[in-house]
Every structure is written in C-alpha cells, then in structure tokens.
Amino acid sequence: MRNMNPRTTTNPTAPADPEASEVSAAADASDVSDVSGAEEAVTKKAAAEDASYDLDKVTGDAVTENEDEDGAEDEDLDGLDDDSAKEPSGLGAAAAAVVAAGLGVVALTGSWTGKVAAERETLIGQIKTSGGGTAAQQISEIYGDAWHSTALVNGLFALLALLVGIFALVRPAFGVPSAQPQPGWVRAVATAGIALGVLGLLISVGMYFDLIVALPTATAAQ
C-alpha cells in the first residue's frame with residue numbers, strides 16, 4: 001500500500017524552457033517595436049503631408065494675392081493713362097495767351113508786313129502821279145494810301161490778338177473738363193492780349209478813317 005503525503009503536490013505541466021521564453025519575449029518586443037515604428041512613420045508622413053499642404057496653401061494664397069495686387073495696379077495704371085489721355089494739358093490755352101499778347105504788341109508797334117504794304121502803296125502812288133497830278137492827288141496816292149495800308153495791317157493783327165485772347169480764356173469751358181483750374185498767369189496774359197488787341201483795333205480804325213490824325217490838305221501843303 002502506497003504512502004501518500006497530502007503536502008506533496010504534483011505539477012502535471014512540464015517546466016518551460018528558458019531559451020524558448022527568451023525567444024518569445026524577444027519576438028514580442030520586436031513586434032511591439034515594429035508596430036511602434038510603423039505608427040511613428042505614419043505619424044511623420046501625415047505631419048509632412050499636412051506641412052506640405054499648408055505650405056502649398058500659403059504659397060497659393062500669396063501668389064493669388066500678388067496677382068490680385070498686380071491686376072489692381074495694372075487697372076490703376078490703365079485708369080491713370082486713360083484719365084491723363086482724356087484730360088487736357090492746358091498747353092494750348094497757355095500758348096494761345098502768349099500769342100495773343102504778342103499779336104497785341106505788334107498791332108500797336110507795327111510790323112514788317114505793314115511796312116512793306118505801305119512802301120508798296122507809296123510806289124504805286126508815285127507811278128500814278130509821275131505824269132503829273134494835283135497836290136491833293138499826290139497826297140492821297142503817295143501818303144494817304146500808305147497810311148491806310150499800315151492801319152489796315154495793324155488792325156488785322158489787333159483783331160487776331162483779340163480773337164486768340166478770347167479763345168485762351170474760354171478754352172476750359174469747351175471739350176473735356178479739366179480737374180485743375182486754369183493757371184492764373186494764363187488768364188492774366190490772355191487778358192492782356194485782349195486789352196492790347198482792343199486798343200490796337202481802335203487805333204487802327206481811327207487811323208484808317210482819318211479820325212485821329214487827318215491827312216494833310218492841298219492848302220496846307222502850299
């Protein structure tokens with residue numbers, strides 16, 4: 001009869017091999033490391049994609065903004081070019097004012113054209129009276145016609161000065177209106193040209209019709 005000790009326990013399972021345990025632990029650790037590495041790689045890839053997307057978006061926004069600014073600048077420049085092309089420069093009015101003043105001075109002081117016209121009338125009068133003529137006829141043909149020719153030429157210059165001066169003053173009222181008012185010196189010179197033109201025209205009319213200084217008479221000549 002067998003002696004059984006109740007304190008003695010039996011282990012039906014065979015003890016584990018230490019080497020097998022170490023291999024299993026190493027395999028588990030390798031699996032965990034591979035999974036962690038894969039997760040880390042996926043995370044880095046996702047972060048890189050997000051960074052690339054953000055960079056592309058920022059670059060695209062910057063390019064779009066630059067294109068919008070360039071387009072706005074081009075439109076502004078086009079608008080400025082159109083406005084500058086449409087807006088009158090005022091150079092014509094200024095030139096007209098100066099011309100009017102010059103013509104007014106010529107109308108008062110005389111011109112080479114008036115001198116030539118007077119000499120021509122004097123020569124014609126000498127030719128007409130060369131065969132003989134009365135004193136009154138000689139005065140009228142030689143002196144009076146030359147005088148009247150000079151007055152006529154000066155009157156034409158005075159009339160031109162008056163018309164050009166008026167044009168210089170009223171030019172801003174016609175055509176495309178200018179954003180800037182007409183310079184003061186242009187108005188002053190144009191007004192001076194008009195005044196000189198009116199004065200020269202009055203003197204020329206008075207001389208042509210012998211209202212200021214009468215022609216010498218035959219009695220006074222004798």
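## Overall architecture

Helices are here DSSP runs of H or I with at least four residues, numbered from the N terminus. By that rule, asparagine 154 has its place in helix α4, which covers residues 135-170. The model described in this report is predicted.

The protein chain holds six helices and zero strands. Read from the N terminus, its elements follow the order α-α-α-α-α-α. Of its 222 residues, 18% are buried. The chain exposes about 15,900 Å², and carbon and sulfur atoms supply 62% of that area. Among contacts between residues at least 6 apart in sequence, 84% join residues at least 24 apart.

## Helix α2 and its cover

Helix α2 spans residues 91-109. Its 19 residues should span 27 Å at 1.5 Å a residue, and the C-alpha atoms at its ends are 27 Å apart, in agreement with that expectation. Just after α2, glycine 110 adopts a positive phi of about 95 degrees.

The buried residues of α2 are Ala93, Ala94, Ala96, Ala97, Ala100, Ala101, Leu103, Gly104 and Ala107. Both α4 and α5 are included in what covers these buried residues.

## The largest nonpolar core

In soluble globular proteins, nonpolar side chains tend to be buried together. In this model, the largest nonpolar core consists of seven residues: Ala93, Ala94, Ala96, Ala97, Ala168, Val186 and Ala190. Two elements, α2 and α5, each give two or more residues to this core. The largest share, four residues, comes from α2.

Alanine 168 is one of the core residues. Leaving aside residues up to four places away in sequence, alanine 168 touches Ala93, Ala96, Ala97, Gln182 and Ala190.

Is asparagine 154 buried or exposed? Its relative accessible area is 10%, under the 20% limit, and asparagine 154 is therefore buried. Beyond residues up to four places away in sequence, asparagine 154 touches Val106, Ala107, Gly110, Ser111 and Ser204.

## Aromatic pairs

A pair of aromatic rings is described by the distance of the centres and the angle of the planes. The structure holds two aromatic pairs. In one of them, the ring centres of tyrosine 143 and tryptophan 147 are 5.5 Å apart and the planes stand at 70 degrees, so the pair is edge-to-face. Both residues lie in helix α4, four residues apart, which is about one turn of the helix. Tyrosine 143 is partly exposed, at a relative accessible area of 45%, whereas tryptophan 147 is buried, at 12%.

Tyrosine 208 and phenylalanine 209 also form an edge-to-face pair, with 5.2 Å from centre to centre and 80 degrees between the planes. Tyrosine 208 has a relative accessible area of 35% and is partly exposed. Phenylalanine 209, with 56%, is exposed.

Aspartate 210 is found in the loop between α5 (184-208) and α6 (218-221). Most residues other than glycine have a negative phi. Aspartate 210, although not a glycine, has a positive phi of about 55 degrees. Its relative accessibility is 25%, and aspartate 210 thus counts as partly exposed.

Methods:
Residues numbered from 1 in each chain as written. Heavy atoms only, no water. Buried < 20%, exposed > 50% of the residue type's maximum accessible area, 1.4 Å probe, protein only. Core = buried A, V, L, I, M, F, W, Y, C linked by side-chain atoms within 4.5 Å. Contact = heavy atoms within 4.5 Å. Expected span 1.5 Å × (residues − 1). Phe/Tyr/Trp six-rings, centres within 6.5 Å; stacked < 30°, edge-to-face > 60°. Areas by Shrake-Rupley, 256 points an atom, 1.4 Å probe, with all protein chains shown as cover.
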